[in-house]
Number of protein chains: 2
Amino acid sequence: MLPLQLQPASHIPLYIQLRDQLRALVHAGDLRPGDRIPASRELAVQLGVHRTTVANAYAELESEGLIQGHVGRGTFIRGSALPMKITPPPPSLGGNGGVRWESLFADERGEEVLSRLTQESPDHDVSFVMARPAAEFFPVEELRACCNAVLRREATQILRLGPSDGYPPLKQQLAEMLRAEGIAVRDENLLITDGCQQALDLLCKAFLRPGDSVLLENPAYPGAIAIFAGARVRCLGVPVRTGTRANGSGGPVGVDVSALEATLIANRVKLMVLTPDFQNPTGTTLPVPERRRLLEIAARHQVPVVEDHIYARLRARVEKVPSLKQLDRANLVIQIDSFSKVAFPGLRVGWCIAPENVIERLRLVKQTTDLHTDQLSQATLAEFTRRGLLARHLACMRKVYGSRLAALQAALEKHMPEEVQWTRPEGGMCLWVELPHGFDASELLIHVRERGVLFAPGRYFYFQNPQPNTLRLGFAGLDERRIARGVATLAELLRIEMRKRQRGARRVEGARVALV
Amino acid sequence: MLPLQLQPASHIPLYIQLRDQLRALVHAGDLRPGDRIPASRELAVQLGVHRTTVANAYAELESEGLIQGHVGRGTFIRGSALPMKITPPPPSLGGNGGVRWESLFADERGEEVLSRLTQESPDHDVSFVMARPAAEFFPVEELRACCNAVLRREATQILRLGPSDGYPPLKQQLAEMLRAEGIAVRDENLLITDGCQQALDLLCKAFLRPGDSVLLENPAYPGAIAIFAGARVRCLGVPVRTGTRANGSGGPVGVDVSALEATLIANRVKLMVLTPDFQNPTGTTLPVPERRRLLEIAARHQVPVVEDHIYARLRARVEKVPSLKQLDRANLVIQIDSFSKVAFPGLRVGWCIAPENVIERLRLVKQTTDLHTDQLSQATLAEFTRRGLLARHLACMRKVYGSRLAALQAALEKHMPEEVQWTRPEGGMCLWVELPHGFDASELLIHVRERGVLFAPGRYFYFQNPQPNTLRLGFAGLDERRIARGVATLAELLRIEMRKRQRGARRVEGARVALV
């Protein structure tokens, strides 16, 4: 038995405690290269913790190179190749010094948005974890041509310090694109950001003080939850109707507008952050009549709506659904958008559309946050848009993602047990699955992970009332063959778990009979 | 007389009130194209405000295109070319809606870091306002070659989402460069940021809660002051000894370490942010014995030091001064640095060196702030560094800036009245001037502005005890000819003001004599 002592009452997550204690045992020489450590299930029972706690700790140690799992043989302390972390630290920077840094941090947060358990490695060739573009379709040569053109034409302009509201040629291209889409936007209504994540950070700084309340869908994008938590802002959750049997079958899908109204009546809400199109994580799209109702309610309560429009252009079918910003009569909507999902996430460029005095305030906040967004990428993307390459790439990707979504839905129909439910997105990058009640998606992840398949358990997306039986499948970055294989594996291992549970239930039933 | 009513007790700055009321008079038709408005001095007397208030308001309206000044003739409401702001707004986005947005903002801040009075236009061909690199020396072709090389070699890696701590090849290049400089830095000690401005924002989020105290030099970089003010952190100022007659002549220059110690004894300080090399705005460099003393004091009080290293590589003379990080035995120093001053400010890439657990915390904060820094610029700068182009460019720029600094010092010696004092930087990008006691640099700016010369009045850099007789001259972006012309103009107008004052003093003296 390993000498491990976990403190459930500590603010340090259990898996972090376990990781650190195991690492200390290796450093102290109590565990040596080649030693076998207990299977996660076994150690979980010994410590009285959930198996995912142990699996999370093992995943972290594996990614550090301290331990290695071998399918069928067990998990071992690694030998020869000494991991970086235990090489003796160089004199000046290796240790953390005499300072108790942990006591100086402003808060106790210390967890990843997604834990290491979902971290990809070359062993995992079917990863549904991320909602990300298909890199194999990046139009690299066209982009390089744009980059060359702007560096030939306007290098000095690009390389010197620029305006905080954005590089003027990019603002001009975006304003033209938006006007063509029917949004009457002027230069004063646009701010360039480092993407939607930064837009949320700037909005948080501009509007919210510690203790203020913000309304979010629950489940929601973990990056949004993390920003508000970091700023000590209270998140009020409104459920999302997924259209499955267990959750709003028959009625409209998307954020529950009646529940939203009730939340506004009962609370002083400063801001709502919503994703009406292909909501992350559920993939649902709020129908137009519900959008109008939502806007009426927002106007009545005078609460601004931040519309996350990041996935909206990825509609597989041609018909258009007007955005909240397009339907907005009361000028209450701030729309945030990005090149990240429609083009290249590695270039951190997005934008924000809002009334002029909001943009002016956000510009000042942006100035104190990072002066301005990188101008090489701004200029390159302006040229990419100007040449019509963005529109062309987007049209191509709509087809690619539409086909991948169809493949995912077909595979789910073909392989999944009848008890499993899922949403029916009409585009975007992810789909939401509900396992039978009582199943834990994190538990399932441990099994499928060993078979090279990864997904994001639903619990990462909830900030209240987590539904452990849910999971998100990001499909955009995977080809049809991988999607089919991944779903088949998921379904196979789920059936195994379901059979185990049935046998368990029968045993309990048998035991009851014997007791009578 | 114009119907203007300023509210000195309002939280809205007086010049903003004045600007808005003048704009409203134009919109209402009370002021029409071609109408002459009072000279700033005249209106200041009428309203009982300082002349800079009126000049600031006029500068804003001029930059909006609403008014235009003509030297010798006065200031007029502009005619024909209707400014953008008063075209009728399009239906959906033009107005600010029925929402009282101002009441929704988290705070009342609404001022630029530097006001419009220092804003450059084609009329101002000698601007000492910014501390910025010389754009005419940007090695554009070399940079374009680097950009092409990385887009040919690793485009997919660059364009997809990347790690929050930075693009690995850039981290590797920086670690090598730093090790060559004698800092034992490993991958775990480095975080890539969007530049020093963002590094300060991340440090603020990681370490400081509203109400906490941070120690800064006073005067300091306005971008740092703005970050802490926005986060409701208390700034404690420590004076900087400039070595002039009025301020520390004879003793060591740079932050007053004894005053710093007294501040640490009297207050619970969470963090110090200091710029030991070519401090912005004073240009002073803290001598090595004072650096050691500072580090001892920091260790005794266990207060981490954030060392702003952004100008340190721009030493005109070859001899090296060890950084705080290099002298740091207690591992208390977090060093922030950037490509912004040594290469291209338009590419927003910087870095932060710190103990491993600090970097780990900053990485999580960075993740929730903007996921990661733009990878096209990271990869391009990695290649620029790898090819030795950064070192070459830097060697060239040290000479260029050294020559400009010498030209500035020579011009000051030649033209300035004896009563004027200034610092003696050994590099960096700016120099600090002290006018005779009782003079207001903002007032002088109004005059030199009309002659095409701009500088930054000292008051922008103070967050307490402002010294209105100070000003900063950023010299790096100006060639020797412009520097000489700018200083000659400054000196000429200053002498005129000094003579006026002498005459005024004689009149008072005469009046006294008459009264006796």
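1. His70(B) sits opposite Gly74(B), a residue of strand 3 of chain B. Strands here are DSSP runs of E with at least two residues and helices are runs of H or I with at least four, numbered from the N terminus. This is a predicted model, where local features need pLDDT of at least 70, side-chain atom pairs count only at pLDDT 80 or more, and totals for chains, interfaces and linings use all residues. Residues are numbered from 1 along each chain as its sequence is written, with chains lettered from A and ligands numbered from 1 in the order in which they are written.

2. Strand 2 and strand 3 (residues 74-77) of chain B run antiparallel and are joined by four bridges; pairing takes at least two bridges found by DSSP.

3. The open sheet in chain B has three strands in the order 1-3-2, paired antiparallel. Strand 1 (36-37) and strand 2 (67-70) of chain B each have a single partner strand, so one side of each lacks a neighbour in the sheet.

4. Helix 3 (residues 51-64) of chain B lies across strands 2 and 3, at about 110 degrees to strand 2 of chain B. Angles run from 0 to 180 degrees between N-to-C directions, with axes fitted to C-alpha atoms, for helices over the stretch in contact.

5. Turning to the interface, 79 residues of chain A are in contact with 79 residues of chain B, contact meaning C-beta atoms, placed from the backbone, within 7 Å. Among the elements giving two or more residues to the chain A side are helix 5 (140-159) and helix 12 (356-370) of chain A.

Key: Contact = placed C-beta atoms within 7 Å.
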